[in-house]
Amino acid sequence: MTTFVKRTDVALASAHTLPRRYFTDPAIFAEEREKIFLSRWLCVGREGQIGRPGAYFVREIGLESVIILRNRSGEVRAFHNVCRHRGTRLCEEHQGQLGGTIQCPYHAWTYTLDGELTGAPSADTIEDFDKSEWPLHAVAVATWEGFIFINLAAEPEPFAEAFAPVWDRFARFNIANLRAYRRITYDLACNWKLVVQNYSECYHCPLVHPALVKLSPPTSGENDLYRGPFLGGYMEIVDASESMTVSGRVCGIPVGDLPAEDHRRVYYYSLFPNLLLSLHPDYVMYHMLWPTDPGHVTVDCEWLVHPDTLGNPDYDPNDGVEFWHMTNQQDWHICEQSHRGIESRAYTPGPYSRREGLSAAFDQEVLKALGHTSEW
C-alpha cells in the first residue's frame, strides 16, 4: 500500500542549496556526464517512435551517439552509432526508416538490425577476417511503461532492480498504451539540475504560476517517494476544475481505470536522472532532460493521451498542451534567472524551506552519484 506524507513533513537531507561550482564548473559537469549520464539508465523516448521493424531514432549524449531501433522480430535494440571498420557514424539523420540493414556511408560495411556484420567489401583481402567477430557495439536497452531506456555503462545495473521502487506504481495510468499527441523541444540557458529542483517544489508557484495556483493549491498534496533516485507525490485539483488545462475542463477521456481520488489529483515524479513524469487523469506529460554544458540543457516535452481521445470531437488535448506550454515557459524563465544569479560571485548556498524537501533530496542523490559529500 502506498504511504503518503505531507510535503512539509519530509525531513530535509540537506538544509542548503548546492555550492556555485555544481552549476557552473565544467569539471563537475564532466564528472556528472561520466558518472550519471554515461552510467545510469536514461530515458531516450517512447516505443511508439519506432512502431515497425527498421524504424529508428538517434540519441546523442555528449560525444556518444546511439541508434535505437526495432529489429525484424519487433524487439527494441540499441547500438553505438559507430562503424566497426573506421568508426564512421552510420546514421546521420536523427530518425528514419531503415530498409532491413544498416550500411556505413563510407565503405559500405553492412549490418543487420541485430548488429551483425553481413557485408564488408574486399574483406577477403584482410588476413584471418571473420565477420562474426565484428558486430556493432550493443548498448543496454530496456522498456518500461512504453518508455525506452538505455545504459552506456560497461556493466549496467539490471534495469528491473534499478526501477523496482516504481515498477508497478503507475500501472493504473495505462501509460504503455497511451499515444503521443504533441512534442515541444525547449533550449534553456541554465544548468540541468535547476530544472529538476524547480519541478520538485511548488514553493515558487504563487509568484511564477498564477494560472496554475487557481487550479491546484500550491500547498496541497502529499509525497510518497521522498528519498533516493525516484521522488514525488501528488497535488490536488480544486473542486471547481477537472484538470490542468486552460479551460479547467478535461481534455481527454480518462487515461486508465482510475480510482475516484485520482480524478482530483495530478502526480509529479522525477525519475533520476533525466525523466520528469506528470500524471493527470486525462493525459500524461513527461519531460526528458539533455544537458549540453554547465549552462545549457535541452528539454523534450511530450503529451500522451488515451488512443480514443484522438479524433474525438468532444475533447481537445490542445487545452492541456497550451496550459503546460505556458507553464513550462514560466519555469524556464525563472530557471534561467536563477542560473544567472548563481553565476555571480555573490551567490552562496541558501537555506531550503520545508516545502522544498524533494529538491534537497534530489541534491543528495546527485552528490551520491558523484561520490561527493556535503561540504556546507
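**Entry 1: cysteines**

I started with Cys83, which is buried at 2% relative accessibility. This is a predicted model, and I read the values below with that in mind.

I then looked for a partner for Cys83. The closest cysteine sulfur belongs to Cys104, and at 3.8 Å it is too far for a bond. The cut-off I needed here is 2.5 Å between the sulfur atoms, because that defines a disulfide.

Cys301 is buried, with a relative accessibility of 0%. Its sulfur is 12 Å from the closest cysteine sulfur, that of Cys43, so I noted this as too far for a bond.

How many disulfides does a search of the whole structure find? I got one. The disulfide is formed by Cys202 and Cys205, with 1.9 Å between their sulfur atoms. I looked up the torsion about the S-S bond and found about -105°, so I recorded the disulfide as left-handed. I also looked up accessibility for both ends: Cys202 has a relative accessible area of 8% and is buried, and Cys205 is buried as well, at 3%.

**Entry 2: Ser216**

Next I located Ser216. I found Ser216 in the loop that runs between helix H6 (210–215) and strand S13 (222–225). Is Ser216 buried or exposed? I have Ser216 down as buried, at 2% relative accessibility.

I then asked what the side chain of Ser216 meets. One of its polar atoms lies 2.6 Å from the backbone oxygen of Glu236. With neighbours within four places in sequence left aside, I listed the contacts of Ser216 as Met235, Glu236, Val238 and Met244.

**Entry 3: a four-stranded sheet**

Last, I traced an open sheet of four strands. I read the strand order as S5-S4-S3-S6, with antiparallel pairing. Which strands stand at the edges? I found S5 (76–80) and S6 (95–97) there; each has a single partner strand, so one side of each is left without a neighbour in the sheet. From one strand to the next, I noted an average twist of 25°.

I looked at one pairing in detail. Strand S4 covers residues 64–70, and I counted five bridges between S4 and S5, in the antiparallel sense.

Technical notes:
Residues numbered from 1 in each chain as written. Predicted model: local features only at pLDDT ≥ 70, side-chain atom pairs only at ≥ 80, totals over all residues. Heavy atoms only, no water. Buried < 20%, exposed > 50% of the residue type's maximum accessible area, 1.4 Å probe, protein only. Helix = DSSP H or I, 4+ residues; strand = E, 2+ residues; numbered from the N terminus. Polar contact = N/O pair within 3.5 Å; in protein donor to acceptor, adjacent residues only side chain to side chain. Contact = heavy atoms within 4.5 Å. Pairing = 2+ DSSP bridges. Axes fitted to C-alpha atoms, helices over the stretch in contact; angles between N-to-C directions.
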